[in-house]
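Work through the following exercises with the structure in view, and compare each of your steps with the solution given below the task.

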Amino acid sequence: ERLLSHNSDGLQLCLACRNMQRAEATRSHLLTSHPAAQVDLLQMDTSSISSVLRAAQEFKLRYARLDYLYLNAGIMPNPQFDVKAFVKGLFSSNVINMFSTGEGILTQKDGITNDGLQEVFATNLFGHFLLVRELEPVLCHAGQTSQLVWTSSSNALSSTFSLDDIQHQKGTQPYSSSKYATDLLSLALNNRYNKQGLYSSVICPGFMLTNMTIGILPFYLWKLLMPFFLMLRIFTNTLTLTTYNGSEALFWVFLQKPESLNPFSKYHSLTSALGNSYTQPHKMDINMETSESLYEKLLQLEKDMRGKLKDKEKESHHAKETCRI
Ligand SMILES: NC(=O)C1=CN([C@@H]2O[C@H](COP(=O)(O)OP(=O)(O)OC[C@H]3O[C@@H](n4cnc5c(N)ncnc54)[C@H](OP(=O)(O)O)[C@@H]3O)[C@@H](O)[C@H]2O)C=CC1
Ligand SMILES: CC(C)=CCC[C@@H](C)[C@H]1CC[C@H]2C3=C(CC[C@]12C)[C@@]1(C)CCC(=O)[C@@H](C)[C@@H]1CC3
């Protein structure tokens, strides 16, 4: 919506969504305020490898070029709010950090996808990784730049991520781990693809009330807490609260020359106590060595998963043939 409000001329949007009913509703909403806009839809579930491969194939048939790829889909399933840790945090020197990152007060219960991967890892990171790899031919064009924009989080904490457990099978903070992995992956992509004109950056929208976060507390509590959160903005500008404010950094990045963005920075949407939105970079707690190691592991996992998919296809083909006989 913010991109269309800025300049809808010549902008062709393609919304890749898992739920086509919601996608249609979003499209209609956008066309109501921007009747001349070009908004296409593409069905894609980032948690499913075959769905991502199918969507990428369809995309390449439809379009010759992709200038901006927003990698925004994300889940934080079954969030558990640790009241004890929260109360302890309230009376510690870490209180502001707790409100801006959610560190130490949230855990999640992860699931397993049909492909056998951890659900948060597959949805938030691996599906997007595969998509970028598949869309390489439309993203990389001689003499032109293109941009990947990842929605990461200030909840991306190195303490929750391990190279020995990139899917976070063993821990209770898969969301944080997947976002830290996102930061590492963006750096590795810059390292590999900048020569081909493809740039990658990460943003944090700040804390917003959305479908993802609203379930953490009962709805009436959010309503009651709203004046408290607005007041808290005096101490921390990370409480963006609305999706309009949260999308500030996504929009800001769109306006920048990709070469001018720092691959080690995360671009944060921030909102001042007076309600003004702005974007500010913060250095990420990442290094090239870990980033490259993660990339290698992702490539290996991709190879394994493609192998499994081929075996499955062969099996079902064989079953069909046997049936026919
Ligand atoms: N809310 C917050 O405070 C913060 C959010 N973020 C990040 O912002 C991003 C957007 O989240 P937010 O708007 O808050 O939450 P929402 O739940 O409102 O949005 C998440 C979006 O991701 C889509 N999605 C989820 N799973 C899949 C999937 N398997 N395949 C395709 N699409 C999928 C959802 O589709 P559907 O409509 O079908 O559910 C929805 O459109 C996420 O990456 C989140 O981690 C980062 C920091 C803070
Ligand atoms: C009960 C009272 C008075 C307050 C509880 C508020 C918390 C539920 C809330 C405070 C900071 C929030 C936060 C997130 C979730 C909800 C909080 C912990 C996130 C972890 C959501 C996902 C993200 O990506 C982070 C950037 C958010 C950081 C702040």
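**Exercise 1.** Determine which handedness the crossing of α6 and α8 has.

*Solution.* The crossing of α6 and α8 is right-handed, where right-handed means that the near helix is turned clockwise from the far one by less than a right angle, and left-handed that it is turned anticlockwise. Helices here are DSSP runs of H or I with at least four residues, and strands are runs of E with at least two, numbered from the N terminus. This is a predicted model, in which local features need pLDDT of at least 70, side-chain atom pairs count only at pLDDT 80 or more, and totals for chains, interfaces and linings use all residues. Residues are numbered from 1 along each chain as its sequence is written, while chains are lettered from A and ligands numbered from 1 in the order in which they are written.

**Exercise 2.** Find at what angle helix α6 and helix α8 pack.

*Solution.* Helix α6 (residues 119-134) and helix α8 (residues 174-193) have axes 8 Å apart and pack at an angle of about 20°, with axes fitted to C-alpha atoms over the stretch in contact and angles running from 0 to 180 degrees between N-to-C directions. The two helices α6 and α8 are therefore roughly parallel to each other, a term for angles under 35 degrees.

**Exercise 3.** State in which order the strands of the open sheet lie.

*Solution.* The order of the 5 strands is β3-β6-β7-β8-β9, with mixed pairing, where two strands pair if DSSP finds at least two bridges between them. The edge strands, each pairing on one side only, are β3 (68-71) and β9 (277-283). Inside the sheet, β6 (residues 146-151) and β7 (residues 198-204) run parallel and are joined by 6 bridges.

Note on methods: Parallel < 35°, antiparallel > 145°, perpendicular 65-115°, else oblique.
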